[in-house]
Amino acid sequence: MPDILPRRRTLLASAATLPLLLATAGCRSSDVFTGPDPLAGRPRPAPDVITLAAVIAAEENLISLYRTALAGDSAATARSSDLPALLAQHEQHLTRLRARLIQPPGTATAAASPRPSAKPSAAAPARVTIARLCAAERASAAGLVRRLATVEPALAQLFASIAASDATHVTVLGG
Amino acid sequence: MGEITGVSALRAALAAEDAAIYGYGVAGAHLSGGRQAAAEQYWERHNKARDTLTAMIYALGAQPVTAQASYSLPFPVHDGTSAMALAAYIEDGVTRAYLGIVAVSDQRLRDFGALAMQNSAERAAYWRGSTQAFPGLAP
């Protein structure tokens, strides 16, 4: 469509020359806009966001371990009748953690599915014992407490509450 | 909401511990065997926690709150089942109080509050017979 192409080319050419015009005028784009420099790329996530994303990933791994344990031989995983309830609580942890994370659309974290995949992650072992789950719960609780100092108060309280839940799971599992 | 200070949070936890000490005295009278032994053990732990919190408040240059002579029970306690329910209720309150300490800015107090929460949440789970997803927080 001949009428459209020239206008499109004109627009593209204008966009390409805007930085040049600004540069020759002796100003940066940030001089024109009052916010962050839009040409500087995506701003780095705040420390709280980085920490929260890491905690979410750890919770997802824990859920993966539980799913693997439940899918395994029930004779090898004594007290397996407790596992579904504990898994359900970890899924609640994940839901609430994800609700605290606000990311622009299209980022890797924001693109995560609402529920963890039914299949274990590629790194999950073929068989997970109760002892393995105990160790994972202890590590989760300890990791959350270590992160308390790095986040704002409300998030610290959520971390502490989840850590307390993890500690009770250790007791249930016989740890 | 104003900033939660270390002293105010510690006082709230101390008040919860004082209530727990009183409540376990009521609950223990209706328990027997292993449950009664657990109630006695937890009563001693609450006494120690009370002493620890009192010392921490003094160390911050403040005065601790005074325990009440008696506390209103949330429901009648007349048998083992209601006694265990009371014990779980008490521990939930203690967990909430220590969660308040986690909100202060001092890292050491945050760690202290978080670890204390784990202990009270475990005791609550013992009495309740089940765990919770978010001890101390609204569901």
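The model is a predicted one, in which local features require pLDDT of at least 70 and side-chain atom pairs count only at pLDDT 80 or more, whereas totals for chains, interfaces and linings use all residues. Residues are numbered from 1 along each chain as its sequence is written, and chains are lettered from A, with ligands numbered from 1, in the order in which they are written.

Chain A contains 6 helices and 0 strands, where helices (H or I, at least four residues) and strands (E, at least two) are DSSP runs numbered from the N terminus. Of its 175 residues, 27% count as buried, a residue being buried if 20 or more other C-beta atoms, placed from the backbone, lie within 10 Å of its own C-beta atom, exposed if 12 or fewer do, and partly exposed in between. Among contacts in chain A (C-beta atoms, placed from the backbone, within 7 Å) between residues at least 6 apart in sequence, 73% join residues at least 24 apart.

Chain B, in turn, is built of 4 helices and 0 strands. Its radius of gyration, taken over C-alpha atoms, is 15 Å, close to the 14 Å that the globule rule (2.2 Å times the number of residues to the power 0.38) gives for 139 residues, so chain B is as compact as a globular protein of that length. The C-alpha trace of chain B spans about 40 × 35 × 25 Å along its principal axes, and 45% of the 139 residues are buried. Within helix α2 of chain B (residues 33-59) lies B:Glu40, which is partly exposed, with 13 other C-beta atoms within 10 Å; its C-alpha atom is separated by 7.8 Å from that of B:Tyr24, 16 residues away along the chain.

Helix α4(A) has 18 residues and reaches 26 Å from its first C-alpha to its last, close to the 26 Å expected at 1.5 Å a residue, the expected span being 1.5 Å times one less than the number of residues. The buried residues of α4(A) are A:Leu83, A:Leu86, A:Gln89, A:His90, A:His93, A:Leu94 and A:Leu97. Seen down the helix axis, these residues fall within an arc of 145 degrees (taken from the directions from the axis to the C-beta atoms), so they line one face of α4(A). The face turned away from this buried side carries the exposed residues A:Pro84, A:Ala88 and A:Ala99, while the cover over the buried residues includes α3 (47-71) and α6 of chain A.

Leaving aside neighbours within four places in sequence, A:Ala163 is in contact with A:Ala141, A:Leu144, A:Val145, B:Ala114 and B:Gln118.

Conventions:
Two residues are in contact if their C-beta atoms, placed from the backbone, lie within 7 Å.
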